[in-house]
Amino acid sequence: MAADPQGSVAQLKGIGPKLQETLERLGIYRLLDLLIHLPARYQDRSKITPLSALRAGEEAFVEGEIIGSKIAFGRSRSLEVLISDGHRDLRLRFFHFNKAQQRNLEAGKYVRAFGNVAFIGRHLAMAHPEYQIFDETPQPPKPELIPVYPTTQGLGQARLRNLTRALQLLSWPTEAGTPFEKLLYLHKPDDLKRIDEVTEALALDELCAYYVVMKRRALKRRKQQALALPQKAGLGRQLRDNLAFQLTRAQGRVIRETLADLENDVPMLRLVQGDVGSGKTIVAAFAAIRAIEHGCQTAVMAPTELLAEQHQLNFQQWLEPLGIRVALLTGQMSAKAQREVLADIENGEVQVVIGTHALFQDKVVFNKLALVIIDEQHRFGVHQRMALQNKGAFPHQLVMTATPIPRTLTMTLYADMDVSVIDELPKGRQPITTHTAAQSKRDELIARLAQILNQGQQAYWVCTLIEPSEEIEALSAEEAFGLLTQALPNAKVALLHGRMKGDEKVEVMRAFKAGDYQLLVATTVVEVGVDVPNATHMFIENAERLGLAQLHQLRGRVGRGSLASRCFLLFKPGVSQTGQHRLNALRESQDGFYLAEQDLKLRGPGDILGTRQSGEQSFKIADLGEHAHLMPRVVKRSEALLTAPQGSDDHAYLLRLLNTWAASDNEHLSV
Ligand code: ADP
Ligand code: MG
């Protein structure tokens, strides 16, 4: 049968409503989704392991004659089948079994099994292995690479394999070298090396498709009309003269780049990348002023209430002396307060609106929105960005991020944007000295903490959990709070975590900033953007559980004033090698871009610079860590494609790729 890649997966034999629902949990709706649901790894079933060579903790392919079987009554009832290969025995254990299964596994038959080897009691055993039964000694196995898929509860590997095997039987479109052949190969490969080659080729295709879409989107945007905002009243100069500090050269450059964009009637889409503490917020304020000089409004989006509140304080401090009205709009505000702000936004009384997701509500109607500023953009999906954009005609957009992304990746991931980099920290910033310390040294660190609190400085104590967990051995914020309030009876200690109500969080943060608390025990909610210059010490519990980018962000909460700052990374004994490298890298460097490069080298798949998790860039095949080296080729091939005459083979191929897997599920890829 001819397959329509966009057709429902339900047309495959054996998929009923229940299985369909289970598949949907894996994001599989269309045939194509199943085709792109690629194996996480493969089992090499080309070699039988002799039973005498089995080791606990390994996966193995074994065979032997069935010596006997019995029902064992341990903690739960199980079927135990003893097999032997003439030298050694092995127990196969089944906790769920039926009568037929029990009858089939009878003495004298041969069995070939694949599974995990572990000790059960004193004996090596394999618990619920996959197996086949033979009446006689079986022929040597055909070398086979068996796919192992990411799956979900209620869907076993065998079932998934049956489904992807069914895909092989369909006839897929074949024009102009579609990706289907390569995808089908990955479900039924015969050579490990070839798997890597095919995966890489597909990753290249996918990244090119992404790049082309981004570039096209940029072209489309450039055809739109925005309000030109040329230089005007000189409010910017006033702001500059009022500032308590001098702008860095990098800030000056990025402000100029931004303002130059705003002079055009082409909608700006500029990404400002700058390490934590590099001073991105003031750049946003200068852009806002330009819009306001022209009688227009600016919306500032922050990812959390905490940050929105903090931005409001900053913008008020900077802009209200210039006669500009700044308002806050968050979901936590009372209905009445919201209504008032909404009215002022609509009638134009308010010129700068700072908010969280609440800004996306339909009832937010701007009087004349000319500029949208998005802080920490990796926290938002592109989809949301669009939703706000549609509020005004075509506002300019300024997007700010502290997620350091290596240049090679920026070219591709942000191909639709212009990029400015603040590559300099404000003068007078004290470097942050970073130490690593075993948990066992906690008491000494607390003694140190007591000293610095006595000197009037403030500190953070960050934990990875809110409350103690059975599964994860780590000091929770609640435990740390108890411990520290006891150890520091004279100190004013606050607790902050994500499960607290929004206004409670904001209140704690405000009090900490005001110096009412000396020590803030928190979860990683303080990771992004929080700015308290008097806080000089950062203690991070179980640093081994956090990624480099995240640790760097957390550390960036200190070193914001003129006092020397320190960061202590506490770790649990027995940190993995990678974990150690990560902590060492952090100790050695404070340069976010350097750390991002290290992160790419060190990290395991699936933990990309905090960007992948957010759903902003979700690739089906490409792995930014593994495939970063492809970027120059991505740019070259895509640029050639964008200028090449339509109709070349490569053009047709990429178009197909775009139209197929980019189509419905990944709105950020749709052209
Ligand atoms: P980030 O880039 O992490 O968002 P912020 O904009 O929050 O950084 O700035 C961090 C702190 O540095 C703020 O207190 C801000 O007022 C201050 N700051 C910004 N620019 C300068 C500068 N040129 N000199 C001194 N302090 C600055
Ligand atoms: Mg910031």
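Colleague: Let me start with a detail: which side chain does Arg-270 join through a polar contact of 2.7 Å?
Modeller: One answer is Asp-261, whose side chain is joined to that of Arg-270 by a polar contact of 2.7 Å. There's also Ser-420: its side chain makes a polar contact with the Arg-270 side chain, again listed at 2.7 Å. Keep in mind that this is a predicted model, so those distances are computed from it.

Colleague: Where does Arg-270 sit?
Modeller: Arg-270 is in strand β9.

Colleague: And is Arg-270 buried or exposed?
Modeller: Arg-270 is buried, because its relative accessible area is 9%, and the cut-off for buried is under 20%.

Colleague: What else does Arg-270 touch, leaving aside its neighbours within four places in sequence?
Modeller: Its contacts include Glu-257, Thr-258 and Asp-261. Gln-397, Leu-398 and Val-399 are also in contact with Arg-270, as are Asp-418, Val-419 and Ser-420.

Colleague: You mentioned Asp-261. Which helix has Asp-261 among its buried residues?
Modeller: That's α8, where the buried residues are Ala-250, Gln-251, Gly-252, Val-254, Ile-255, Thr-258, Leu-259, Asp-261 and Leu-262. Thr-258, another contact of Arg-270, is in that buried set too.

Colleague: What covers the buried residues of α8?
Modeller: The cover includes strand β9 (269-274) and helix α9 (281-293). Strands β13 (369-375), β14 (396-401) and β15 (418-422) are part of it as well.

Colleague: How far apart are the end C-alpha atoms of α8?
Modeller: They are 20 Å apart. That agrees with expectation, because 14 residues (249-262) at 1.5 Å a residue should span 20 Å.

Colleague: New topic: ligand 1. Which residues come nearest to it?
Modeller: There are 16 residues around ligand 1, and Gly-277, Lys-280, Thr-281, Arg-429 and Asp-531 come nearest. By class, that shell has 4 nonpolar, 7 polar and 5 charged residues.

Colleague: What is 2.7 Å from an oxygen atom of ligand 1?
Modeller: A polar side-chain atom of Lys-280. On the nitrogen side, a polar side-chain atom of Gln-251 lies 2.9 Å from a nitrogen atom of the ligand. Gln-246 uses its backbone instead, with a polar backbone atom 2.8 Å from a nitrogen atom of ligand 1.

Colleague: How much of ligand 1 does the protein bury?
Modeller: Taken alone, ligand 1 exposes 570 Å², and the protein buries 87% of that.

Colleague: Okay, zooming out. How many helices and strands are there in the protein?
Modeller: The protein has 22 helices and 21 strands. It has 671 residues, and 54% of them count as buried. Among contacts between residues at least 6 apart in sequence, 73% join residues at least 24 apart. The protein exposes about 30900 Å², with carbon and sulfur atoms supplying 48% of it.

Colleague: Where are His-128 and Asn-542?
Modeller: Both are in loops: His-128 lies between β6 (123-127) and β7 (130-134), and Asn-542 between β20 (535-540) and α17 (548-555).

Colleague: Are they buried or exposed?
Modeller: His-128 counts as exposed because its relative accessibility is 52%. Asn-542 is buried, with a relative accessible area of 0%.

Colleague: You just named α17. What about His-552 there?
Modeller: His-552 lies in helix α17, and it counts as buried at 5% relative accessibility. Leaving aside neighbours within four places in sequence, His-552 is in contact with Asp-275, Val-276, Leu-586, Gln-590, Gly-592 and Leu-595.

Colleague: Last one, Lys-363. Where is it found?
Modeller: Lys-363 is in the loop between β12 (352-355) and β13. At 48% relative accessibility, Lys-363 counts as partly exposed. Beyond its neighbours within four places in sequence, Lys-363 is in contact with Gln-338 and Leu-342.

Definitions and conventions:
Residues numbered from 1 in each chain as written. Chains lettered and ligands numbered in written order. Predicted model: local features only at pLDDT ≥ 70, side-chain atom pairs only at ≥ 80, totals over all residues. Heavy atoms only, no water. Near = heavy atom within 4 Å. Polar contact = N/O pair within 3.5 Å; in protein donor to acceptor, adjacent residues only side chain to side chain. Areas by Shrake-Rupley, 256 points an atom, 1.4 Å probe, with all protein chains shown as cover. Nonpolar A, V, L, I, M, F, W, Y, C, P; charged D, E, K, R; others polar. Helix = DSSP H or I, 4+ residues; strand = E, 2+ residues; numbered from the N terminus. Expected span 1.5 Å × (residues − 1). Buried < 20%, exposed > 50% of the residue type's maximum accessible area, 1.4 Å probe, protein only. Contact = heavy atoms within 4.5 Å.
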